[in-house]
Amino acid sequence: MPKRGKKAEDVDSADEFEATEPGAKKSKKGAAKGPKEKVAEGPILYQDPPDKLTSPGGQKYTLKVTSWNVDGLRAWVKKKGLEWVREEDPDVLCLQETKCAEKLLPPEMREMPEYPHKYWACAGAKEGYSGVALLCKTEPLSITYGIGEEEHDQEGRVITAEFPSHFVVTAYVPNAGRGLVRLEYRQRWDAAFRAYLRGLDARKPLVLCGDLNVAHAEIDLKNPKGNKKSAGFTPEERQGFGELLAAGFADSFRHLYPDTPHAYTFWTYMMNARAKNVGWRLDYFLVSTRLLGALCDSKIRSQAMGSDHCPVTLYMSL
């Protein structure tokens, strides 16, 4: 959670998301007790189905990408996040909210021989804020930091890797903030980021992954009715995400699993939200629509611990 006294405009934490369960109401003092409600059997947890390793045309996957908002790289390493990564063994690993300057990287990250090509973007003026990373087994043709607009390139939010047949973009999208203090900025970001992605897509198809800080539809969070005015579920943010999809991109998870409920990637640390599966789906893989024929699977690894987000993994046959 944000520290006491922290300026509202500096807040960019997933803890801004409401953890209240549907229907939860505070009891009035002295109110007569009503009949006891029947206690539910327990929370409905998401069960990640077996991985699909082939495309609709039967081609085996050739690219595996994992994305994870680690909520502080140094703490995540101590929580054995790297051990999970080594078991998952993606070709490309994308991390968000690293909160770590490159000079302060844990030695475990610097010394990963599995990923000889490592790239880091950090917030220039704010130590311990934002930040993304992209680690590859194969060297990219080129690496780009930011989206080419000074207003949006001060917080270490985007890295783009160019490969022969595609781009991989990892992003940590700005949170609208407590009280929606950054909502107007978020809308400007959404428009600029959409234009940037369209420019890339005009050159070659892309895979976008990361914490996009929005639950697009009501199915994507536990308590939609209680969060209509909350950061991450405002009409403006949802519209921005819809406009991104309309620009030629597809939400890989919802393309494959359009009606699957209870599939979340973030749970606040408060109120035992993760154990109750009171969560939000904020972490995505978007792909250029012309890559849908190469899409094998889009996974939510909800059992992986180490952050208030869980990792997501994409399989593509390129």
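The model on screen is a predicted one. Glu-97 sits in the loop that runs between strand S2 (92-96) and helix H3 (107-110).

The unreviewed UniProt entry marks Asn-69, Glu-97, Asp-211, Asn-213 and Asp-308 as "binding site". These residues span 240 residues in sequence, yet no two of their C-alpha atoms are more than 13.2 Å apart, so they gather at one spot.

Within this group, move to Asn-213. Its place is the loop between strand S8 (206-211) and helix H5 (235-246). Is Asn-213 buried or exposed? With a relative accessible area of 2%, Asn-213 is buried.

The next stop is Ser-298, a residue of strand S11 (residues 295-300). Ser-298 counts as buried, at 4% relative accessibility.

Now display the surroundings of Ser-298. Apart from neighbours within four places in sequence, Ser-298 is in contact with Ser-252, Phe-253, Leu-256, Tyr-257, Phe-285, Thr-313 and Leu-314. Which of these residues has a side chain joined to that of Ser-298 by a polar contact of 2.8 Å? The partner is Ser-252.

Finally, select Val-312 together with Ser-298. The C-alpha atoms of the two residues lie 7.4 Å apart in space, with a separation of 14 residues in sequence.

Terms used: Residues are numbered from 1 along each chain as its sequence is written. This is a predicted model: local features need pLDDT of at least 70, side-chain atom pairs count only at pLDDT 80 or more; totals for chains, interfaces and linings use all residues. Side-chain values use heavy atoms; hydrogens and water are left out. UniProt positions are given in the numbering used here, feature names are shortened, and annotations may be inferred rather than shown by experiment. Helices (H or I, at least four residues) and strands (E, at least two) are DSSP runs, numbered from the N terminus. Buried means under 20% relative accessible area, exposed over 50%, partly exposed in between (1.4 Å probe, protein chains only). Contact means heavy atoms within 4.5 Å. A polar contact is a pair of N or O atoms within 3.5 Å; within protein, one must be able to donate a hydrogen and the other to accept it, and residues adjacent in sequence count only if both atoms are side-chain atoms.
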